[in-house]
Each structure stands twice: as structure tokens, then as C-alpha cells.
Amino acid sequence: MEFLVTDWLGTPVWFWLVFVGLVLALTAFDLGVLHKEDREMGIGESLKLSAFYIGVALAFGAWIWAERGAELGMQYYTGFFIEKALSIDNVFVISLIFTYFAIPPKYQYRALLWGILAVILLRGLMIAGGAALVAEAYWVLYIFAAFLVFTGIKMFFAGDHAPDIANNPVVRWISTHMRVTPQLHDQHFFVKVADNKTGKLVTAATPLFLALVVINLADLVFAIDSVPAIFAITTDTFIVYTSNIMAILGLRALYFALAAMVHRFYYLKYALAAVLVFIGSKIFVTDFLLGGAKFPPLLSLGVTAGLIAGGVFYSLWKTRHGEDAAPQLPHDELSSRG
């Protein structure tokens, strides 16, 4: 049992095992109980399931607070709120990807589930790489911080633009090097089809698989913002990874409610821009103006939560009658943070 209390990446192994067990239990419950069959999820069910996931994430943060102290607990919550807010920005992109590939709602949840499982692995690799860089060279944090400030300022002034999915290099490569069916085959990512020349059965990808690939590519783009943002809050690998993943786990549940009203959160991007500038500049403030003293975690959490909440409420108020809602892009276009 001594193994359980051994530190791994600065945290006892048993903390990691609890987290992994929780993620596996939630995934098994979601896939094996709630969604054994493919079906369309209603907005009401989406909100209830999302509230459940948020409750689990907040309870997990309370456990960290109790077991590892208030400072790490507040850092977890700060990272969670940032990632959760950034995920709202992802929803519109995911919705347009599904629309482009003509994926009906009853199959979208399964694609989101497998996409998020891939995200858990990819984010783990990115965070592990970031942690190794910071451990070897602290000045890497200054690069992260400067990037966040630059990205935040850019978000204030950048408009929406539309990358071309059809000409995406990965989509073109898959379409060129693999057989891709022109139509869906229920929830399957791959199917057996007859070869036109030989008549033999061969494996072919479906549009659902292409949608899954593009969703994961989009997440990698979004991770370029979110991962440095959490490292700017804390370099504790456990807090960075768990806050990131706990926010992402509930995204598939929240998606179906947000996809129907994401245009009402248009002004949230300005709040997110302010959060990124605040988090990035905080490192320079603490190291060069405060002489290395820690920025108060409670103040950091309060400013982050206040900015995000302000962006949400202002967006809902501004679009309450519909006439002030931001115009939506055509369904064959993608929104981007620029």
C-alpha cells in the first residue's frame, strides 16, 4: 500500500487513481446506462445532465480543497471556470461541423463521447509536455503569459471568419487515402462496402468518422488557449489536468442545450478575452511588481468568475428580445477566435 502514497508528478498516486476511477465511472454510466441506444437528446435532459456533471466537478473541487488546502482548491475552481467558459465557444464550431457533415442529432452524442475520450488523451499529452517544459525552464511561463495577453487582445478586435472544412488538409488526406462512404451508416465510424473493381468487401470510413476527426482538430486549436491559461494559474500538474478534464467531461451533455441558443452568448467572447489578458498579465505582475509574491488565489478566482458571469449575463440581457442578437454565420461556415 506504500505505492498509493508515493508522489507522481507532485501528487500522491491515490489522488490520481480516484480521479481516473471517477472519469471511468462517469463515462461507463453515460455510455452504458444513459445512452445505450442512439437517440436525440432534448434541451431539458441536456440541462439536467449538464447540471449533474457540473455538480460532480464542483464536489471534486471541494474534495481537493479539503484534502490539499484552500489555495489548490481555488486554483482548481479558477481553471474549471475558465475551461467551462471556453467550451461554450467550442459549441458553435462543433454544431457547424455536424451540420456540414449532415450528422443527425441522434448520432451526435456518440461522436461527442468518443471525441471527448480522445480529448482526454490529447490534453494529457499537451499538459505533460507543458509541465515538463515549465519544470526545466520557468521562463516558458512568460511565453505562455505573453501568448495569453496577445490572444486576449486579438479576441477583442477579431471578427468571425469561416475556415473551409472541405479544403481542410486532414479531411482531404483522409478522402484521398481512404474509402469514404457518401452517406451515414447509423452510428458506425467504419463499415464494410463492396469494392467497385473487385467486388470484395473492404473497410470504408463514414462521414461520422470525418466529423469526429475535425472535432478533435478543432479542440487542439482551442487547447492552445486553454492549456496555457491554466498553467498561468498553477503549475501543479494534477490541478491543471483535473480542472481541464472535469470541465470537458460535461461538454457533451451541455452541447444540445447550448447549440440551440449559443448565439445568445455572443458577447461572452469579450469577457473571455478579458480573462485571458488578466491571467496572462498576472504572471508579470507577481514576478516583476510584487517581487515574486503569490497573487491572492481568492482574488484571482473572484475576478475570473466575475468576468465570465458578467459576460454571460450581459449576453443574455443584450439578446433577450432577439433583435440585438449577433447574426449567425451560414451553416457551412465555422466561427473562430481568430
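**View 1. Helices that line the second largest cavity of the predicted model.** Helix H3 (70-100), helix H4 (105-136) and helix H7 (207-231) each supply at least two residues of this lining, helices being DSSP runs of H or I with at least four residues, numbered from the N terminus. The model is predicted, so that local features need pLDDT of at least 70 and side-chain atom pairs count only at pLDDT 80 or more, whereas totals for chains, interfaces and linings use all residues. Residues are numbered from 1 along each chain as its sequence is written, and side-chain values use heavy atoms, with hydrogens and water left out.

View 2. A cavity is a set of points, on a 1 Å grid over the protein atoms alone, where a 1.4 Å probe fits but cannot get out, and its lining residues have an atom within 4 Å of a point. About 120 Å³ of space lies in this cavity, a volume being the space filled by probe spheres set on the points, which are joined across faces, edges and corners. Among the lining residues are Asn-90, Leu-112, Asp-219, Phe-222 and Ile-248. By class, the lining has nine nonpolar, two polar and one charged residues (nonpolar: Ala, Val, Leu, Ile, Met, Phe, Trp, Tyr, Cys and Pro; charged: Asp, Glu, Lys and Arg; polar: the others, Gly among them).

**View 3. Helix H10 and the residue Gly-291.** The 22 residues of helix H10 (residues 268-289) should span 32 Å at 1.5 Å a residue, which agrees with the 30 Å between its end C-alpha atoms; the expected span is 1.5 Å times one less than the number of residues. Just after H10, Gly-291 takes a positive phi of about 65 degrees.

Methods. On a 1 Å grid over the protein atoms alone, a cavity is a set of points where a 1.4 Å probe fits but cannot get out, and a pocket is an open set with protein on both sides within 12 Å along at least five of seven lines; lining residues have an atom within 4 Å of a point.
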